[in-house]
Amino acid sequence: VGKTTSTASLGAALAQTGKRVALVDFDVGLRNLDLVMGAERRVVFDLVNVIQGTAKLSQALIRDKRLETLFLLPASQTRDKDALTKEGVEKVLDELKTEFDYIICDSPAGIERGAQMAMYFADEAVVVTNPEVSSVRDSDRVLGLLSSQTRRAETEGADPIKAQVLLTRHDSARIDTGEMMTVEDVLEILAVPLLGIVPESKAVLRASNVGTPVILDGPSNAAAAYEDAVARLIGEEVEMRVLAERRPNLFHRLLGRTA
């Protein structure tokens, strides 16, 4: 659905405001956040190394080359997800809290251990979903876990996790033909506030392929949507916009050019 893409762009946009931001990849065994951030060749130590005490947090953190306040803590490609212990994750997050304004945990797909550890200690949650029935149904399940199987849910008197939905791969043309759900339908099912609407865009794929968060890869409607989402995330009043990638018309396609 675009969780890793969204993690990278939300983190980069927050770092652009001058905040210190740490991105933590919880997808042990199938890490991708380092690829999207263009840092795959700089990984020496990872989250599991820090949890197991074979490396210090300062050794595993990778500073972004474009934004000096943005850091990445990569996942391990060779370990099992059982290496993520609740005590170990809590210790790493507590240490990160002393150095960073925002810690964004990139959850793996599904609801197994990596996802459980990514959400357990959260203060806020951004539930990334596509306007498709199966995706929305899975997101509804995740919202149920956020309200029942997290530290805040288990702590008497604690405020619940603040959850918002980020709708990605929005395609107005497919919605008009009934192939995708409307924004209103998605919100009616999930019943949580809308953080943003990110359009289907070739810019996202292009940015991922070159190892750059789409928000740093030049102007695009996807980048603008993530900028709006981050502004709302930090409490600004921003009008909700539905941006769409311009499609080439038949005349320009015949000429081999795009509008």
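I started with Asp-64, whose side chain makes a polar contact with the side chain of Arg-66 at 2.6 Å. (A polar contact is a pair of N or O atoms within 3.5 Å; within protein, one must be able to donate a hydrogen and the other to accept it, and residues adjacent in sequence count only if both atoms are side-chain atoms.) This is a predicted model, where local features need pLDDT of at least 70 and side-chain atom pairs count only at pLDDT 80 or more, while totals for chains, interfaces and linings use all residues. Residues are numbered from 1 along each chain as its sequence is written, and side-chain values use heavy atoms, leaving out hydrogens and water.

Is Asp-64 buried or exposed? I found it buried, at 9% relative accessibility (buried means under 20% relative accessible area, exposed over 50%, partly exposed in between; 1.4 Å probe, protein chains only). Leaving aside neighbours within four places in sequence, Asp-64 is in contact (heavy atoms within 4.5 Å) with Met-37, Arg-42 and Leu-70.

Next I checked Ser-6, which is in helix H1, residues 3-16 (helices are DSSP runs of H or I, at least four residues, and strands are runs of E, at least two, numbered from the N terminus). Ser-6 is buried too, with a relative accessible area of 2%. Its side chain reaches the backbone oxygen of Gly-2 at 2.7 Å.

Last, I looked up the largest nonpolar core, which has 34 residues (a nonpolar core is a set of buried Ala, Val, Leu, Ile, Met, Phe, Trp, Tyr and Cys residues joined through side-chain atoms within 4.5 Å). Met-37 and Leu-70 are among those with the most contacts inside it. Helix H12 (221-233) is one of the elements that each supply at least two residues, and H12 gives the most, with seven.
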